[in-house]
Amino acid sequence: MRVWAPLLALLLWPMVTLAGEFFTLEGHGGPIKGIAVSPDGQRVLTASFDNALGLWSGRVPRWLDGHEAAVNTVAFVDDTRAVSGGDDFAVRLWDLADGTSQELGRHKGKVMSVRVSADQQMVASASWDGTVGLWTLDGAAPRFLEVGSNVNDVAFGSSDSLLFVGAADGKIRIYDVATGDMRQLFISNGFGVNNLVLNEAAGWLAFGAVDGVTKIVDVQTAALIKDVTLDRRPILAMSLDRQGQHLAVGDGEGFILLLNTKDWTVANDFRATHRGPIWALAFSKNGENVHAGGLDDAMFSWPMSDQGDAPRMVSHDRAFLNGNDSASNGERQFQRKCSICHTLSGDSARRAGPTLKNVFGRRAGAVADYSYSDTLQTSDIVWSAQTIDALFDLGPDVYIAGTKMPVQRIARAEDRADLIEFLRTYSDIKDD
């Protein structure tokens, strides 16, 4: 015990001693897309673009691998189980004791949000296939509610009998969980609704939208209680502390707005990144910290109090955000299009894609430390100037149908050529 006690104390240090202080959780190989805090407040789950979940009880995470693409959302069921959803269309149930998971099933599009019912018996998933999935944790077959527009978020209400659904068509609808019928068209915003936070006991629903709209409305009548819209867009994350005292709002410009729910005044408003979005927010159990995730590989935890020396802006963003004027156009193309998913080192470093070092002459699907989709594992593509050019000219979804690669193109032939020449400098094979 004399040997392991100091190590255990070190691993538990952030959660136990840093309440009310600024700290980071680092180790992911990509942006943080989702954050959840366990019911007992002792652990944090982070969902990342690197296809993994991080389970943190201290500074050293336990990696939970199972998704085949970026993980967008995660929620605790209880202290020993969690659910997640991602770009692989899958909803997974995790046993946190042994780190294993089972796939509850799949949507036909990305899963953007998962929410657990108050009785911990059901999970609702929001998907870009235009449906909400309802998954019982007893093994019963799932049900799907047809919404007709990409679904971004959901919230259980009225003792789990109702479901509020926010969609890309700007509408918030209310569904009957038992029957699957739409009960009411609650709100029409005009622009896509990204986030929902429901506090039924206090009588309000908060929502954030693509156009920056941030409103709090009466949960019974939809009457406006407060419009806290600022000149920032889009709204990408929202979270309510467990005490019901503060609502956090994260936007595409890297700001976190903290609101007092008693009178909807601003408790704090600060930039949490130099540039880029806030994709994920969650409060610590005691409400003393708000955890945030975005383009960085780390989760940042900000104290609610202004006291102390806590920074109010992240100072070590990714290199491609810092405006390096001396970088070549090829390096700029790599940083903008490739660096979130790929390294140029000898290993893939928990990124969402394999290393691009020595990519020339390499058969697709051949890097040993990366788990490829079946599409690439069976592909006969060999990476060369011609194949890399075609990949970004046509787009991965066209050139390699079924790939996990994000849908993106480089439209200008000159930019593709510059990227190819930059990648050559990291390859032993210079000609192909």
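A residue is called buried when its relative accessible area is under 20%, and in this predicted model Phe300, at 4% relative accessibility, therefore counts as buried. Trp302, at 0%, counts as buried by the same cut-off.

Within H6, the buried residues are Asp415, Arg416, Leu419, Ile420, Phe422, Leu423 and Arg424, and they pack against helix H2 (329–337) and helix H4 (385–394). Seen from H2, where Gly330, Gln333, Phe334 and Gln335 are buried, the cover over these residues includes H6.

A search of the whole structure finds 10 aromatic pairs. One of them joins Phe300 and Trp302, whose ring centres are 6.5 Å apart and whose planes meet at 35°, so the pair is tilted. Another is formed by Phe334 and Phe422, with ring centres 5.7 Å apart and planes at 45°, so this pair is tilted as well. Because Phe334 lies in helix H2 and Phe422 in helix H6, the pair ties together parts that are 88 residues apart in sequence. Phe334 is buried, with a relative accessible area of 4%, and Phe422, at 12%, counts as buried too.

Phe300 and Trp302 also belong to one aromatic cluster with Phe22 and Phe270. Charged side chains meet rings elsewhere: Lys33 lies over the face of Trp279, 4.9 Å from the ring centre, while the charged end of Arg232 sits over the ring of Phe255, 3.8 Å from its centre.

Methods. Residues are numbered from 1 along each chain as its sequence is written. This is a predicted model: local features need pLDDT of at least 70, side-chain atom pairs count only at pLDDT 80 or more; totals for chains, interfaces and linings use all residues. Side-chain values use heavy atoms; hydrogens and water are left out. Buried means under 20% relative accessible area, exposed over 50%, partly exposed in between (1.4 Å probe, protein chains only). Helices (H or I, at least four residues) and strands (E, at least two) are DSSP runs, numbered from the N terminus. Contact means heavy atoms within 4.5 Å. Rings of Phe, Tyr and Trp (its six-membered ring) pair if their centres lie within 6.5 Å; planes under 30 degrees apart count as stacked, over 60 as edge-to-face and the rest as tilted. A charge sits over a ring if NZ of Lys or CZ of Arg is within 6 Å of the ring centre and within 35 degrees of the ring normal.
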